[in-house]
Amino acid sequence: MSEREFQSSSESSDEEGWLDTNSQDDEEPLAVTSLLDDRVFADATSMVAYCKAEHGFDFLAVRDRLDLDFYGSVKLINFIRQRVQEGLALPAEISAIDFAGDGFLKPVLNDDALIVSLDSLPEPQPQGSASKAQSSTGADASSADSLEKEYQQLRSELESLTRQFENYRLAVSETLDQRWGVDGQLSEASKEATDAKQVPKGESEDQGKSSIAGGTDYYFESYSHSDIHETMLKDAIRTDAYRDFIYANKHLFAGKTVLDIGCGTGILSMFCAKAGAKLVIAVDRSEIINKARENIFHNGLSNQITCLKGLIEEVTLPVDQVDIIVSEWMGYALLYEAMLPSVLYARDKYLAPDGLLVPSHASLFIAPVSDSEYICDSITFWRDVYGFDMKAMQAGIYEDARMLVMPEKTVAGSMCMFKHLDLHTVKVEDLVFTSTWTTMLSQESESLDGFLVWFDIYFGTSRTSQIEPVDASSQAWIAAERDRVAFTTGPFGKATHWMQCLLLDKEHSKPIEEADSREVSGQLSFVTADDNPRALTLRVKWVQNGQQREQSWNLR
């Protein structure tokens, strides 16, 4: 399942704080927190004087030396506060480059009283202006015209500062939107494609990609909520694999440009940034991108990671080419949700010829299942519910695939890999397929109740990584060489949030006789659902004891 703006809910609360502060009574005492420690002062001037006396840091001197306007002063304040929060020393001589990023416009402290009271600090004055002011207030003190002119000038400056402060929050949002290109990404045509359920006959291939990529709105809405991301992040098998591969191969990421598709909370982007990536472009269509941007900011990675909201097929990247594409695109039974086509689209459009996909390979497996206890609890249960026959509740029970964590003991025979994908070369049309498979039922198996489908994921360090061990399992591939990273979602490993896909045989109850053949073979087809391009239909044809069977299951 894929984990798959500044206008976040927390920013909204920040904005409310700004409005409250702006509307405070002038006589309400301020609480200005020191730039360099936790001391609090009643006014900005006292705080600035304290920092100069106790810490040897002259805020006004730095502001004047760099000739900072209101916005520049705000960015300088937030730069200093962020460094202090992270326990980092200030540069020996602060330069404008140190806080050039627009991310420094967002306050580090909520309701920062120092920003509110910037206009109370002495104004920067050009050389010799002090002596001129003295002359003006001395020799010309009696000049009403001079005093009136000075008064009007000061009043004009105060009004200008007031307007700047009132527009501060709006400027933050607009500046970031323009710089990062998050506004206006979706044209009217693309919105129509996003809402499309399927590709009408006669559309071009590119139009079809857009429609599949967009899918239905509820798909993206489902990824706007925190609970689904909490589930994925707490899946240690999933998250640890990405982290371990990225951190163990920092030489692959150092100085590189990385594209994170379906970035969700931004966790993979932050892994890449910490591994030394020069630039990470995090893309997500869901509203979770707002949370991702905030997470990235609070972890001090805004200068390395740029967030874009929209479909990867429709956003405009700030670069023409990337060195690495990282994405957690996998759905139930690997291909449910149809996010992989978007990754392949980005691969073909943006990935450098020698670029790397993370992960790099995937395999699908099938195995027979025998679990009389589950059948009794979940199927035959409806035939006697407190003495009542509720067989009506069994309607459709064999038509839908069930996502469950099945115990290893329920696997009734050998597993078989029926599909292997090299993500550097696979094509979108390869994702709708029919594959053959063969398994052998174990001697202990008493019945064939259905089939279990799962997938393994592999992280190769290059495009030429060969990930096809003899038994095709991720466990065997890891065991063959030290420091390899891979994981399984099957019943022979720790449970993941993907679970396994259980396909129940509607004629499951027929017992296996000792003289029966133990071989079961057939074909398995992955077909896109007609009414939902992100759903799947799994069709299995199989032969057991010379009898041919066929059944379909929906995954929606």
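Start where H13 meets H15. This is a predicted model, so keep that in mind throughout. From H13, the contact takes in Thr239, Tyr242, Arg243, Ile246 and Tyr247. From H15, Leu268, Phe271, Cys272 and Lys274 take part. By class, that contact has six nonpolar residues, one polar and two charged.

Now the geometry. H13 covers residues 236-248, and H15 covers 267-274. Their axes come within 9 Å and cross at roughly 20°. An angle under 35 degrees counts as roughly parallel, so H13 and H15 are roughly parallel to each other. The crossing is right-handed.

Next, the sheet. What is the strand order? Read it as S5-S4-S3-S6-S7: five strands, open, with parallel pairing. S5, residues 305-309, and S7, residues 351-358, stand at the edges. Each has a single partner strand, so one side of each has no neighbour in the sheet. On average, neighbouring strands are turned by 20° against each other, direction ignored.

Look at one pair inside it. S3, residues 257-261, and S6, residues 322-327, pair in the parallel sense over four bridges. Leu259 has Ile325 in S6 as its bridge partner.

Which helices sit on these strands? H15 comes back here: H15 lies across S3, S4, S5 and S6. Its direction runs at about 175° to S4, residues 279-284. H17, residues 340-350, also packs on the sheet. H17 touches S3, S6 and S7, and its direction makes about 155° with that of S7.

Definitions and conventions
Residues are numbered from 1 along each chain as its sequence is written. This is a predicted model: local features need pLDDT of at least 70, side-chain atom pairs count only at pLDDT 80 or more; totals for chains, interfaces and linings use all residues. Side-chain values use heavy atoms; hydrogens and water are left out. Axes are lines fitted to C-alpha atoms, for helices over the stretch in contact, and angles run from 0 to 180 degrees between N-to-C directions. Helices (H or I, at least four residues) and strands (E, at least two) are DSSP runs, numbered from the N terminus. Angles under 35 degrees count as roughly parallel, over 145 as roughly antiparallel, 65 to 115 as roughly perpendicular and the rest as oblique. A crossing is left-handed if the near helix is turned anticlockwise from the far one by less than a right angle, and right-handed if clockwise. Contact means heavy atoms within 4.5 Å. Ala, Val, Leu, Ile, Met, Phe, Trp, Tyr, Cys and Pro count as nonpolar, Asp, Glu, Lys and Arg as charged, and the others, Gly among them, as polar. Two strands pair if DSSP finds at least two bridges between them.
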